[in-house]
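Good morning, and thank you for coming.

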Amino acid sequence: MQIEEVINKLGEEGAHYCDIRKEKLQETFITKKDGVLETVIQGEERGAMVRVLWGNGWGYVATSDFETIVQTAERALSMAKSNSKFKKRKTGLSKTEVCKEQKKIPMKQDISDIDLEEKILFLKEIEKSLDEPFVRSIELGYRDSITRKEIATTEGSHICMEIPKVFVYIAIIGRGNSIQRVLETSGSTGGYEVTRDLYRKTGIALEKLKSLLKAKPSPSGVMPIVIDPHLTGLFVHEAFGHAVEGDIVTSGGSCLEGKLGQKIASEKVTIRDDPTLQGYGSLPFDDEGVKARNRTLVKKGVLVDYIVDRENGWKLGLESNGGARAEDFRVKPLVRMSNTVMEPGDMTFEELVEDVKKGVYAQSIMGGQVNPAKGTFQFSAQIAHLIENGEITYPLQNVSFSGSTLNSLKNVIGVGKDFGLSPSLCRKPQTVTVSGGGPHILISETTVGGRT
Amino acid sequence: MKTKIAESVEEVLRYIQNENCEGDVFGTRKSTARYAIMKGEIADSSEFDDIGLGIRVLKNKKMGFGYCIPGEEEKGVRRAVESSRFSPEIEIALPIEKRIHEVKTFDQGMEDEFHSGSGARFVQAIIDGVLSLKKDIEPTGGEFVAVRETRIVGNTNDIFLEENSTFVHCEVEATISREAGSLKALEVRNSRRFDIDFYQLGVEAAEKVDSMREPSPHMPRNPPVIIAPDALAQLLGYALLPAFYGENVRSGRSPYRGKLDERIVPEKLSIIDNPYEDWGIGSGGFDDEGVVGSEVPIISGGVVKNFLYDLKESARSNTESTGNGMRRNFKTIPGTAHRNILVKGEQQCEDISLHGDGIHVDTILGVGSSNPMSGGFSVTADVAWLLQKGENRGRIDGAMISGNFPQVLNGMEFGNDNKKTYFAVGRHKVIIELPTARLENISVIKK
């Protein structure tokens, strides 16, 4: 049975709204560790999710067997009916344009045209350029995928899209006084051309590891911090971005609830989330079939928008701005970011550090976690440098910093004029591909804690 | 009657043999029902039925992988054979043991509830539990997840192992809304059975957030840390246990390399991986490569006794698999992972929180940035309170705790409770059963 026939049938049975999202994924994943190919795996899967709204109740049912789509749809309908009995609060969907479109994200070099051997050879070349005496271990990875989605709704939208993605990484390990690891990544929607960027990153990774091996332990305490574009990306995504996701706002879990139109950051701060920007989080339509668009979230320090899907947009009185994304057909769409960036300012790196008496310059992401309700965050940098009297002095290892999101946004006292974008995976708990980026920034006060 | 997934596994094995290869196949069918809690009510529910096959072939000592869904078995095997062309040679002996440990992993009662679709009743009990304590405490988020899985591993040595399991996870976030920012606390339970008191879970979440209303009057310098099982399990799972994986030991990424049979922590501490414990969250009669092993003492009486191995790493390290070859799902290749860790120490006879002064850390943030190679960690104590003579003297905001394994284990004492914990973040899955602990060798930084 065709996807539209099932939709029509659910409509005839009285569902207030329903959509079907059918997906097919093809992927290749290769890893290499210390000269040995560890993983070469290719696979394909497909499935569909049916989503039904009956009264105020939702039912979501997914299947990996499209032959059972009629039964799946019936189950979703009965689940929605049952849930509507428990649901006291009203549910609705914001209006959206009906779209009938097919979109493909273009590939300069189609990944389907590149054979497995060439992809493996690419990793071999990268490995060769990392061969230095101080490097004890080299891990490399390559992943490509093509996702084809078809979304149809009872409102008449019917979207087909194809999203190709490539992600590559280098992880090198060295041993000095302690074991240290450096990770560099490149990733974006697009074709095999995305891999080229990794050649440039081998030199950066080697330099970082060399510095880390002679790095000193981090100081602890409250001090100013300069963070690089990778960490700015992490900060705008994790500390700020999750707090403007509509579902977190409407559930009462955001420190930015009710703050639209208020000044929440320094005037130097402008933040946007843009799925149309080329990055690892790009998409032509979201998983409700709403056309992707740029969303300016903070303009010169003022909170001007949230990221919303149709349901949370309705709750907040906003139109959907295309924020619904699901990890795959198994799960329902949640409000998610795409490519989240802070706009560059006008300061050079030298100007950012010149007035710092004692502080830290933190570079590259090791990890991080946030509590968007409390508005607290904790991030770790792969490497850092001490700043003393406006000068970058010696390298530091094991640097973590934490603070309050709102205080930190207000404490952004310098914004660089450079820009960088990094790919990553966001887990909320579903995993989706995103990018985060921006310039170097100076935060006047944060708690720095080193590991013992 | 054979299930669809069992037929598919047999089909894959036939195609592998037709290609003149050895190999194995991991087949899984997982049915999941999930209910979401939002703002005091059930927000929605979802179900999915996931079925797939992870394939490994060994051709001329070269190993290749592929995955597919039922109906596409031939394609899946072809992909695996193609990828094997690039593999280095490796001598892997696929298991031959056909008998599995009889481990209790399947709760018929839960299966019955699963099919009756009555999850909403349990979720309502959680909500009612939170609402029962005080008017201003609300259940603002949470979920109830019930899983029923059939897992099959078959190989060309004629083994065909099949096991059914059930699992339930529920969590609820209790919130006090205030002008000065809301206060939140989370309570989590995991079990293979429906032995959870759902109402009580809600009550405990409400009590926890209720105890955090007042900020602590001061912060002591370098206090001992009483750490809740969920938080400690995360630290152990991320910053310590990977250091005992065979590959990390062989490649010099573990501080415990060369320390087999050496005492590294006090005699009273033992860490055991026992996937054959009845009703253990990570328990199962065989690993995802079809290896039927036995319990693995990692640290026993303070002494390093074993490292953990899957089939590939055991071949490289010239030893035997310890039955720790696990797949995250059918789309990933097997790799070493701990399965059902039990942490045992000399337990105090009373509630460890009643011992004198310190800070009680309930929830941590940032554990993913820990360094298992050095054992170092630095995390934010996201939900914590000050203890004076065992009394909660107010919440502590914005403290960071940092330390290093195994030093932290050296100053550790255990309470008399025990909790089954489960976390999955990214490719890391942490399943540990452990008590509350008191840590001495740890630094606390507070703004």
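First, the conventions. This is a predicted model, in which local features need pLDDT of at least 70 and side-chain atom pairs count only at pLDDT 80 or more, while totals for chains, interfaces and linings use all residues. Residues are numbered from 1 along each chain as its sequence is written, chains are lettered from A and ligands numbered from 1 in the order in which they are written, and side-chain values use heavy atoms, with hydrogens and water left out.

Let us begin with the interface. How many residues of chain A are in contact with chain B? There are 70 of them, and they touch 66 residues of chain B; contact here means heavy atoms within 4.5 Å. The size of an interface is often given as the accessible area lost when the parts come together. Here the two chains bury about 6100 Å² between them, and 49% of that lies on carbon and sulfur atoms. Buried area is the accessible area, taken with a 1.4 Å probe, that two parts lose on being put together, summed over both.

Across this interface the rule finds 14 salt bridges. A salt bridge is a side-chain nitrogen of Lys or Arg within 4 Å of a carboxyl oxygen of Asp or Glu. One of them joins A:Glu38 to B:Arg316, at 2.7 Å from N to O. Strand β2 of chain A, residues 36-54, gives the most to the side of chain A that touches chain B, with 11 residues. Strands are DSSP runs of E with at least two residues, helices are runs of H or I with at least four, and both are numbered from the N terminus. By class, that side of chain A has 21 nonpolar, 25 polar and 24 charged residues. In this scheme Ala, Val, Leu, Ile, Met, Phe, Trp, Tyr, Cys and Pro count as nonpolar, Asp, Glu, Lys and Arg as charged, and the others, Gly among them, as polar.

The chains also share strand pairing. Two strands pair if DSSP finds at least two bridges between them. In this pairing, A:Val61 has B:Glu47 as its bridge partner.

I turn now to salt bridges within a chain. Over all chains the count comes to 66. In one of them, A:Glu45 meets A:Arg330 at 2.5 Å, N to O. This pair links distant parts of the chain, with A:Glu45 in strand β2 and A:Arg330 in the loop between β13 and β14, 285 residues apart. Are these two residues buried or exposed? Both are buried; the word means under 20% relative accessible area, with exposed over 50% and partly exposed in between, using a 1.4 Å probe and protein chains only. A:Glu45 and A:Arg330 also belong to a network of salt bridges with A:Asp328, B:Asp50 and B:Lys331.

A second example is A:Glu207 with A:Lys210, whose closest N and O atoms are 3.6 Å apart. They stand 3 residues apart in helix α4 of chain A, so about one helical turn separates them. A:Glu207 is partly exposed at 47%, and A:Lys210 is partly exposed at 40%.

Next, a sheet in chain A. It is an open sheet of 6 strands with mixed pairing, in the order β12-β11-β10-β15-β22-β21. Because β12 and β21 stand at the edges with a single partner strand each, one side of each is left without a neighbour in the sheet. Inside the sheet, β15 and β22 pair in the parallel sense over 3 bridges, and A:Asn339 has A:Ser435 as its bridge partner.

Finally, two loop residues of chain B. B:Asp287 lies in the loop between β8 and β9 and counts as buried because its relative accessibility is 0%. Its side chain reaches the backbone nitrogen of B:Asn324 at 3.4 Å. B:Gly368, in the loop between β14 and β15, counts as exposed because its relative accessibility is 53%.

Thank you for your attention.

Notes. A polar contact is a pair of N or O atoms within 3.5 Å; within protein, one must be able to donate a hydrogen and the other to accept it, and residues adjacent in sequence count only if both atoms are side-chain atoms.
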